[in-house]
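This briefing goes through a single protein model, topic by topic. Please keep the sequence and the structure open while reading.

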Amino acid sequence: MREARGSRSRRDVRHPVWTWVSTWVPTLLVLALLAAAVGAYRFEWGQRYLPGLAADPATEPEQVLPPAGLELPDWAPASAGGDPVDTSAAIDPDAVAAALAPDLADPDLGRHVVAAVTSLTPGPAGWSTEEQRYLPASTTKLLTVGAALAVIGADRRFTTRVVRGDRPRDVVLVGGGDPLLASQPLSLTEAATTYPARADVTTLALEAAEALGGKAPVRVRFDDSLFTGPTDNPAWRRDYVPDDIVSPITALMVDSGVEPDGQSRSDDPSLAAARAFAEGLRAAGLRVTGQPRRVVVPPGAEELAAVESAPLSQIGERIIEVSDNEGAEVVAHHVGIAMLETGSFEAGATGVLEALAWRGIESRGDEVYDGSGLSRRTRVSTATVLELLQHAASPEGEDLRSLVTGLPVAGFTGSLTYRFAEGPAVARGLVRAKTGTLTGVNALAGIAVGRDGTPMAFVLAADRTRPENRYDAQEALDRAAAALAACRCGA
């Protein structure tokens, strides 16, 4: 009778804890999956910690799955009489214009759209919009890496050293401008899946401790005098360094200037590197007294230990693939040293243009203010970028080749891994391009292979977009580049 009057049975009465669990646990699981996806993309967790869940492109290329939406034809053996692709083939400007017109007219691209397409090797003129100068954003890194490869050399390695100081107990960590120097050695799993290899100050500390011998206390000093001038580029927005958008640039940085917490950047990356080195000495059994101090070592100081970076060709590939701002700025400083004997922002920017001119790439009228493309003052011509790509792809451009091999592949690698969701699916794998993104700026510069096998170098950019349209503008440029891959644009 009581149940008939509306009272609830025992099975209908839910404990408050069970109500909370049934309501929130599914939501939390969804949020955790989203966070894991973002983390896997941003921090390469898949490669670093879950190598067994993904095929290794180097050893199991046949197991790497194509991206969703890409249909690959069945494999068939090539015929003995097949014609090789003619990389010098001219393009049909009218066909290019027709392929690009719909997407370049997208209103989300704003009032200033720049585009240029040409054959992959120097030859007949290609097609371009009337205006060819643009704000390149991170496509500036192509110029930086290209200039460095030209004047420093693809095989160049950067050395971080430890030398004896002026006083018997002093050991000095000397920065050599290694763009990828790390604080800690990678685990065996990380080392097997990380490219390129990294030198680190902990291993360097172990080698230095062995050279020092004994248990006498030591004092750590550090020398970052290879680079000069400000560590914050005056041509950047004032909030870039204070707001941890980019690290101060020095000749002695570990982990790109990122603090061990992974959430912030050091105000003094050289000091942070020296502290990591001091911890390495302690771990090796030495007693370290006092705090690290900045010094300048005299020439001829006795070397105790040294570690070398990967070759510049591999570093350049990494900078282009993931758009590494700090790495690009360090490399630009090296260009300044090579061309003007000064490792600074100003010398680096000037040196990049002079190095390109020395290589025979016309850069007259271009204005470059940094190596990464963060500066909004930079303006370059599409012709400069296209000519650089042509040089890097030519038979004579072997020393610049990593400029091309480092380009992200649409839908597969680097900054294009999760791009090209729209447009012809054939572009995923046939478009390789460096991205460029700032507030109000979207750019792509790279190489596309047309449906008829015609390889093309291209630059597409819109540098006056509305901030609220940034993703729509990005997708419009992706569709335009994809249209090149779907185009029969050979002359």
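In which helix is Pro 102 found? In this predicted model, Pro 102 belongs to helix 3, which covers residues 93–104. The points below take up that proline, then the sheet and its helices, then the backbone geometry of some loops, and finally a pocket.

- Although 378 residues separate Pro 102 from Ala 480 in sequence, the distance between their C-alpha atoms is 8.1 Å.

**The sheet and the helices on it**
- An open sheet with mixed pairing is formed by 5 strands, which follow one another in the order 7-6-5-4-8.
- The edges of this sheet are strand 7 (293–294) and strand 8 (303–308), each of which pairs on one side only.
- Strand 4 (residues 159–164) and strand 8 run antiparallel and are joined by 5 bridges; within this pairing, Thr 160 has Val 307 of strand 8 as its bridge partner.
- Helix 6 lies across strand 4, strand 5 (170–174) and strand 8, and the angle that helix 6 makes with strand 8 is about 160 degrees.
- Helix 7 also packs on the sheet, where it touches strand 4, strand 5, strand 6 and strand 7, and its direction makes about 145 degrees with that of strand 6.

**Backbone geometry in the loops**
- Most residues other than glycine have a negative phi, and most peptide bonds are trans.
- The peptide bond that joins Tyr 195 and Pro 196 is cis, with an omega of about -10 degrees, and Pro 196 is placed in the loop between helix 5 (188–193) and helix 6 (201–212).
- Asp 244, which is not a glycine, has a positive phi of about 65 degrees; this residue is found in the loop between strand 6 (219–223) and helix 7 (269–283), and Asp 244 is partly exposed, with a relative accessible area of 29%.
- Asp 255 is likewise not a glycine and has a positive phi of about 55 degrees; its place is in the loop between strand 6 and helix 7, and with a relative accessible area of 31% Asp 255 is partly exposed.

**The second largest pocket**
- The second largest pocket holds about 200 Å³ of space, and its lining consists of 13 residues, of which Phe 345, Glu 346, Ala 349, Val 368 and Tyr 369 lie nearest its centre.
- Sorted by class, the lining of this pocket has 8 nonpolar, 3 polar and 2 charged residues.

Definitions and conventions. Residues are numbered from 1 along each chain as its sequence is written. This is a predicted model: local features need pLDDT of at least 70, side-chain atom pairs count only at pLDDT 80 or more; totals for chains, interfaces and linings use all residues. Side-chain values use heavy atoms; hydrogens and water are left out. Helices (H or I, at least four residues) and strands (E, at least two) are DSSP runs, numbered from the N terminus. Buried means under 20% relative accessible area, exposed over 50%, partly exposed in between (1.4 Å probe, protein chains only). On a 1 Å grid over the protein atoms alone, a cavity is a set of points where a 1.4 Å probe fits but cannot get out, and a pocket is an open set with protein on both sides within 12 Å along at least five of seven lines; lining residues have an atom within 4 Å of a point. Grid points are joined across faces, edges and corners, and a volume is the space filled by probe spheres set on the points. Ala, Val, Leu, Ile, Met, Phe, Trp, Tyr, Cys and Pro count as nonpolar, Asp, Glu, Lys and Arg as charged, and the others, Gly among them, as polar. Two strands pair if DSSP finds at least two bridges between them. Contact means heavy atoms within 4.5 Å. Axes are lines fitted to C-alpha atoms, for helices over the stretch in contact, and angles run from 0 to 180 degrees between N-to-C directions.
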